Structure formats: structure tokens, C-alpha cells
Amino acid sequence: MSILVRFTPSNLTADRYDQVLSQVKGSGQWPPDGMDLHVCFGDEGNLRVSEIWDSQEQLEAFGERLQPILAEAGVELSGEPESFEVRNIERR
């Protein structure tokens, strides 16, 4: 079953987000295996990220590769991400 994960970094700016995304894409790790959807939203300095993953295991595998990149960019998570089982996905 797919999961929806909501990340709440405490200091995510557009510049930091762009830096992390550029580095991940440059490493050939984007899009990661099992990620169905990635959305970044919110106000400058208070951006949030939500993703839909095929499984918790795939999310965790990518998270292990992503953590050092986030740390290098100075992105700090304000706590554990929220995770929910997905009941349904509708697309246009």
C-alpha cells in the first residue's frame, strides 16, 4: 500500500530547496525508486514537502542517501515526518 509522507523542515528556504534538488538530480538519484509524487509548497523560509511513496522501505532507502545532502545544505527537520496510508489517488 502506498504512503503519504509530510516533512516539516524548520528552515527550508527556496535557495536551500533548489540546492538540495540540484545536488540530488546531479547524483543521478532523482527521481528515486518508489517515489510517485513530490510536492514542495509554502512560504519562503517555511517550505514544506509532501511525497507519495510505494512503500516505507523505499522511502527509508532514499532517506539514507538524502540525509547527508540535507545536512550539508543546513536543512533541519523539526521532527519526525508524518506518514499515512493512502486510501485512494485520483488524477486528472
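Start by selecting aspartate 36, which counts as partly exposed at 38% relative accessibility. The model on screen is predicted.

Aspartate 36 and arginine 91 form a salt bridge, and their closest N and O atoms are 2.6 Å apart. Aspartate 36 belongs to strand 2, while arginine 91 sits in the segment after strand 4, so this pair ties together parts 55 residues apart in sequence. Arginine 91 has 54% relative accessibility and counts as exposed, because the cut-off for exposed is over 50%.

How many salt bridges does a search of the whole structure find? It finds two. For the other pair, select arginine 6 and glutamate 82, which form a salt bridge with the closest N and O atoms 2.8 Å apart. This pair links distant parts of the chain: arginine 6 is in strand 1 (residues 3–7) and glutamate 82 is in strand 4 (residues 82–85), 76 residues apart. Colour both by accessibility. Arginine 6 is partly exposed at 35%, and glutamate 82 is partly exposed at 38%.

Now go to methionine 35, in strand 2, which covers residues 35–43. Is methionine 35 buried or exposed? Its relative accessible area is 14%, and because buried means under 20%, methionine 35 counts as buried.

To see what surrounds methionine 35, leave out its neighbours within four places in sequence and show its contacts: Trp30, Glu51, Ile52 and Trp53. Finally, draw a C-alpha to C-alpha distance from methionine 35 to leucine 59; the two are 7.4 Å apart in space and 24 residues apart in sequence.

Key: Residues numbered from 1 in each chain as written. Predicted model: local features only at pLDDT ≥ 70, side-chain atom pairs only at ≥ 80, totals over all residues. Heavy atoms only, no water. Helix = DSSP H or I, 4+ residues; strand = E, 2+ residues; numbered from the N terminus. Buried < 20%, exposed > 50% of the residue type's maximum accessible area, 1.4 Å probe, protein only. Contact = heavy atoms within 4.5 Å. Salt bridge = Lys/Arg side-chain N within 4 Å of Asp/Glu carboxyl O.
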